[in-house]
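Subject: Structure for you to look at

Hello,

Here is the structure I promised to pass on. Please open it beside this email and follow along.

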Amino acid sequence: MKNTTKLKNILQLYTISLDMDDEGNFHLTVIHKRDRSSATFIDKAYTTVIGKAFGHMKKKLKVEPI
């Protein structure tokens with residue numbers, strides 16, 4: 001699955017904040033639109049933080065009934 005598709009799916013359920021620190025690490029924070037829970041993912045690669053956020057979203061969907 002391409003990163004743009006993953007990002008589109010993430011944005012359906014989460015508000016995101018993407019930042020980069022002085023060392024070049026990406027910080028992706030996701031905030032759930034309904035329950036306002038949040039998680040932050042940090043890595044050197046944009047692809048990796050998107051993948052971690054997508055995996056987090058899939059785990060959260062398995063736990064929560066829709």
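Below is what was found, taken part by part.

First, a caution: this is a predicted model.

**The strands**

Start with β1 and β2. They run antiparallel, and 7 bridges join them. Find leucine 18 and look across: leucine 28 in β2 stands opposite. The hairpin of these two strands has 5 residues between them, and glycine 24 there takes a positive phi near 90°.

Now move on to β2 and β3. This pair is also antiparallel, with 6 bridges. Threonine 29 faces threonine 40 in β3. The hairpin of β2 and β3 has 5 residues between the strands, and here arginine 36 takes a positive phi near 60°.

**Helix α2**

Next, the helix at residues 46-63.

Which residues of α2 are buried? They are Val49, Ile50, Ala53, Phe54, Met57 and Lys60. Look down the helix axis: these residues fall within an arc of 135°, so they line one face of α2. The face turned away from that buried side carries the exposed residues Lys59, Lys62 and Val63. What covers the buried residues? The cover includes α1 (3-13), β1 (14-20), β2 (26-32) and β3 (38-43).

**The core**

In soluble globular proteins, nonpolar side chains tend to be buried together. The largest nonpolar core here has 12 residues. They are Ile10, Tyr14, Phe26, Leu28, Val30, Ala39, Phe41, Val49, Ile50, Ala53, Phe54 and Met57. At least two residues come from each of β2, β3 and α2. Helix α2 gives the most, with 5 residues.

Take tyrosine 14 from that list. Not counting residues up to four places away in sequence, tyrosine 14 touches Val30, Ile31, His32, Lys33, His56, Met57 and Lys60.

**An aromatic pair**

The structure holds 1 aromatic pair. The ring centres of phenylalanine 26 and tyrosine 46 are 6.1 Å apart. Their planes meet at 65°, over the 60 degrees that counts as edge-to-face, so the pair is edge-to-face. Phenylalanine 26 lies in strand β2 and tyrosine 46 in helix α2, so the pair ties together parts that are 20 residues apart in sequence.

Are the two partners buried or exposed? Phenylalanine 26 has a relative accessible area of 18%, so it is buried, as the cut-off is under 20%. Tyrosine 46 is at 29%, so it counts as partly exposed.

**Asparagine 25 and valine 49**

Finally, compare two residues. Asparagine 25 sits in the loop between β1 and β2. With a relative accessible area of 17%, asparagine 25 is buried. Valine 49 is in helix α2. At 1% relative accessibility, valine 49 counts as buried.

How many residues apart are they in sequence, and what is the distance in space? They are 24 residues apart in sequence and 9.7 Å apart in space, C-alpha to C-alpha.

Leave aside neighbours up to four places away in sequence. Asparagine 25 then touches Asp19, Met20, Ile42, Asp43 and Lys44. Valine 49 is in contact with Phe26, Leu28, Phe41, Ile42 and Asp43.

Best wishes

Conventions. Residues are numbered from 1 along each chain as its sequence is written. This is a predicted model: local features need pLDDT of at least 70, side-chain atom pairs count only at pLDDT 80 or more; totals for chains, interfaces and linings use all residues. Side-chain values use heavy atoms; hydrogens and water are left out. Helices (H or I, at least four residues) and strands (E, at least two) are DSSP runs, numbered from the N terminus. The expected span of a helix is 1.5 Å times one less than its number of residues. Buried means under 20% relative accessible area, exposed over 50%, partly exposed in between (1.4 Å probe, protein chains only). The arc is that of the directions from the helix axis to the C-beta atoms. Contact means heavy atoms within 4.5 Å. Two strands pair if DSSP finds at least two bridges between them. A nonpolar core is a set of buried Ala, Val, Leu, Ile, Met, Phe, Trp, Tyr and Cys residues joined through side-chain atoms within 4.5 Å. Rings of Phe, Tyr and Trp (its six-membered ring) pair if their centres lie within 6.5 Å; planes under 30 degrees apart count as stacked, over 60 as edge-to-face and the rest as tilted.
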